[in-house]
Amino acid sequence: MLVKMAPVCSARRLLLSFICFVLLFLVNFALHVCCTFSYDRQTLSIRMSDRPEYDNQGFFPPYLEPMPPYWRSLPPSPVLRKRRRRWGNRGGRLVKLKSWISHFPHELRCIRRFCPRLLVPLRALDPVDSSLVPVVGSFENGPAKLSPLRHMRWHGVDKKNLRPVDLVANASEVLDPVPLRLGLINTRSVANKTFILKDFFLSRALDLLFLTETWISPGELSAFIELVPADCTFFNVPRASGRGGGLAAVFKAHLDLKQLFPSSRYTSFELCLCKLGHSPSLLCAIVYRPPKYNKVFLSEFSEFLADCASRYDQILLLGDFNIHVCCPGKPLAKDFLALVNSFNFVQSVSGATQERGHTLDLVLSYGLSVCNVRVEDAIFSDHMPILFDIAPSNAFANQAAPVRCYRAFGSDSAERFSILFDKLMFYAPELPTADDLLYFDFACKSVLDIVAPLRLRKCKSKTSPWLTDRTRAIRRQCRKCERQWKKDRLHVSLEALKISWKTYQRAVKADKHSYFSQLISANSHNPRVLYSTINSVLNLEGNNLLPSSEAMCNKFITFFVDKIASLRPLIPPIVDPAMHAPCSSLFPAFAQISLRDLEELVLHAKPCGSPNDVVTPCFLQKVFPIIGPYILKIINTSLLTSQVPSGFKHAVIHPLLKKPGLDSSTMSNFRPISKLPFLSKILERIVHTQLLDYLNDSQLSEIFQSGFKPFHSTETALVKVTNDILVATDRGKYAVLVLLDMTAAFDTVDHDLLISRLHHCVGISDLALSWVKSYLSERSFCVKLGLAASSVAPLLWGVPQGSILGPLFFSLYLLPLGAIFRKHGVSFHLYADDCQLYLPFSHLDTSPCQSLLDCLSDIKLWMANNFLNFNGRKTEAILYGPHRSTDTPDVDFGDLTSHLKSSITNLGVKLDSALTFEGHVNGVVKSAFYHLRRLSKVKPFLSKPNLETLIHAFITSRLDYCNSLLIGAGSGTLSRLQLVQNAAAQFLTGSSKFDHITPVLASLHWLPIEFRVRFKVLLLVFKSLNGLAPIYLSDLLKPHVPPRLLRSAEQLLLSVPKSRLKCRGDRAFSIVAPMLWNNLPLQIRQASSVQVFKSRLKTYFYSLAFNSVGN
């Protein structure tokens, strides 16, 4: 049987011809194929949301540098659905095929029309570079691109089916809270007014109604069944025993109101507590005080306020107090108002609340706004209903921080920088001396661009700065266990998830404890850093972020320049009323510094500089062993040639809101903060040290200038002024104190007058004077917000703000003022630009204040001649009289009459005409409890030693500020400060308010307030006797010299001047300080150093204060 088979050779010939046809086709197409570009996957995966912006210098991230400019200017690509990448050879061939066919889209579209599923999907026909997203600019300057073709997908969604959704408001756009309508009524029996009160609640559309004197017995609720409207509920606190009294609250059920119970029982008043809302919560306290006098009311009520004020940020205190606050002259009303004011409560009721015309029902608020207060007619009680609105404050929303440029330093950055910088400077060319700083900055920038290139990032606020890599790894493990549990639902997975969350909880607590411990240990003596850091963690205050734009920066720089220009007269007068004697000593030149001294200055300097610093201060301190010799050359060259580098004379201004809550759209609410280069501050510190030594040796500085001088402070200045006033009034005289105010005094200083004053009055000459001229000339500044900066403006006037030499130059600029004061016989004291004038006089003198008025006229004329703006609107004056003298003397005060006040604020201390310091103590109490409430929010994460450090920084420092002025003050004044210390001690130890406070203070080794005041006075005495205090305090103390040789001559005693009045002379430092000093044991007076004296003195006072505790 014959079988026909296919011709094998013919099949082979067909295969060979087909292969040849394919090869010929590829050869023809290869002639038209261009070289494809190469790319990396990181470039193609850039997203629009993550693209960086470039700064004013045209900086691009490193991975975008090699890309052609027209790629960086493409329009954004459409948002596509994320497709899963195909792995293997097929995925690689598809990428290559897409790159190849992108050059022939037209031909392949024709093929696809006939063979729709033969080739890859149509989106492969889009150009490959359409996946690149724009970085900066627009594509107008780039080459024309083929627009992506529209295409339909077989997979995906139909956008026609999508439904638009309204945008959600941002966190910073939260609507204001709806105010609540509240009412307060003294019902005098609810039982017979139930329906009336119900109608009153509904007709007034109240949310809460507080009732006093309900006269409801315990367990009797029938009256409330009739009283409470629908969808409402109530609280009832009847009087425990006896008739009358009782408190209640009726409120809508949807309110988050929770009743609280007092921790202690008060016998002098009734109390009902409830808490409204949370984060932050509002404490509502209803009080009823029976009209019968009770001597313990003020003490119990002060304890209650201290307990509430340390735990709540918002308090509403209301009720019937039966205190005639409309008659503030009455003793009880006066003491009650002073107590309430010391805790910063605001009383909102004005007018009579009782038929007899007295104000008995009060609404006191703290931390919230009470508005629309209305007192209605008394219809169903002898007390009038009070209606008002409250608006609980919202928590501040976190705001997005601006984008900023930074360098990411690693652990080996300093070592790499040192190696590269050393090699680069080895081949440094010979340059002029003036270019040393420019080449130094260039070399540092070149090396840093290699070691730590510049990067851009959004400054996100760290809500949990204590989290570490270990904690984050544990959290990722928790997420992994959670996914496993959701996947298999096994019991073992659930147990693993529970264990992982417990581990994470313990780890976070440990890291948080460690974070705060390190923070407090590193900044235990810097309350400013502690306050800012804790404030950022608590996020209690919102930061008003200004728009980072060049236009806004230019607006600020124009405002700052115009403000100073408007304060200076165009043509000043020529006459100068103060003639200062020429200086006999000379200071010809500044001495050069050694490398060792420079290293000590740099390493101990505060690491703050300018945003334009090439090397950040912290990193400069690390690499100083390498760059130190070059910095030394720059500084010594400046001192030797009397030329300050131009880079040291440019300041960056950052506008800072003066107070939280001010309108950020008003530029006058901002304070310019000047930031100078770090190395310029080092150079200024060297010059400042040499100038200060010269001034001290020559005794050229003003004795009564306490600003920015060693061993001087605001307390020493106030001790001197109050001592002179107390001594004068003790002798039966009057004394008038005048506080002068100068507007922008540091910014209006004339450079020519300053140089002339330094030359003629101080003796700076030759090279030193040339250096000062170079320092003040050609200075400039700009305003910077984020990455945006304004144009550069010249600094034509004023001493540089934020500089080391600025305060010293300003105090020398004011040297002629002392001659004016001494010419008219007026006592004075200066603290930088704060000027205090005081003049004792007798009412029998003829025209006693004429010399003071003449002195003020000469001062105004001298300030006008020296470009200083005298602010008459802020000038204040106060009159002090002898003890028990209530009549005002018949004295013509002239222009000062309109400026006389009963209380003024002098260097942070509020002084009153009676020198009782009541206003100052009230301010301290308010501030202390405010910070105590803040510390209560971080107490769970702090150990006891760290919490005690914070209490000393925030509470004790305020109790001790200028407390030497309180020597001899009334016991009631000191008791309020003692209340603050007691609350802080209970807060630290967690002791109960029923525990005796003396053992608690003894266990903490805290001296009571009275002994702390004595401690401060005696410390000033010791420093004055050992040359560690100002001369004007040392002159007030005279050693005791017995008339004949006695053993007391070796006892280091002081002479005690005589005084007449206990509340005047006995409180003066020159009298009370020697009395306290002479009563000390001899071994304390013979202490060899300040530390030894403080240790022995505290031990001595501890034994006196807590002697009964040991027994």
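These questions and answers cover helix contacts and cavities in a predicted model.

Residues are numbered from 1 along each chain as its sequence is written, and side-chain values use heavy atoms, without hydrogens or water. Local features need pLDDT of at least 70, side-chain atom pairs count only at pLDDT 80 or more, and totals for chains, interfaces and linings use all residues.

Me: How do helix α23 and helix α24 run relative to each other?
Reply: Helices here are DSSP runs (H or I, at least four residues), numbered from the N terminus. Axes are lines fitted to C-alpha atoms over the stretch in contact, with angles from 0 to 180 degrees between N-to-C directions. The axes of α23 (residues 815-824) and α24 (residues 850-865) come within 9 Å and cross at roughly 160°. Angles over 145 degrees count as roughly antiparallel, so α23 and α24 are roughly antiparallel.

Me: Which residues of α24 make the contact with α23?
Reply: Contact means heavy atoms within 4.5 Å. From α23 come Pro816, Leu817, Ile820, Phe821, Lys823 and His824. Their partners on α24 are Ser851, Asp854, Cys855, Asp858, Ile859 and Trp862.

Me: How many nonpolar residues are in the contact of α26 with α27?
Reply: The axes of α26 (residues 944-960) and α27 (residues 971-989) come within 10 Å and cross at roughly 170°. Ala, Val, Leu, Ile, Met, Phe, Trp, Tyr, Cys and Pro count as nonpolar, Asp, Glu, Lys and Arg as charged, and the others, Gly among them, as polar. The contact has two polar and two charged residues, and its nonpolar residues number nine.

Me: What is the handedness of the crossing of α10 and α17?
Reply: The axes of α10 (residues 436-451) and α17 (residues 624-641) come within 10 Å and cross at roughly 155°. A crossing is left-handed if the near helix is turned anticlockwise from the far one by less than a right angle, and right-handed if clockwise. The crossing of α10 and α17 is left-handed.

Me: How much space lies in the largest cavity?
Reply: A cavity is a set of points on a 1 Å grid over the protein atoms alone where a 1.4 Å probe fits but cannot get out. Points are joined across faces, edges and corners, and a volume is the space filled by probe spheres set on them. The whole structure has six cavities of 30 Å³ or more. The space in the largest cavity is about 120 Å³.

Me: Which helix gives the most to the lining of the largest cavity?
Reply: Lining residues have an atom within 4 Å of a point. The largest cavity has 13 of them, with Thr722, Leu726, Ser964, Leu965 and Arg1067 nearest its centre. With four residues, the helix that gives the most is α19 (residues 714-730).

Key
Helices (H or I, at least four residues) and strands (E, at least two) are DSSP runs, numbered from the N terminus. Angles under 35 degrees count as roughly parallel, over 145 as roughly antiparallel, 65 to 115 as roughly perpendicular and the rest as oblique. On a 1 Å grid over the protein atoms alone, a cavity is a set of points where a 1.4 Å probe fits but cannot get out, and a pocket is an open set with protein on both sides within 12 Å along at least five of seven lines; lining residues have an atom within 4 Å of a point.
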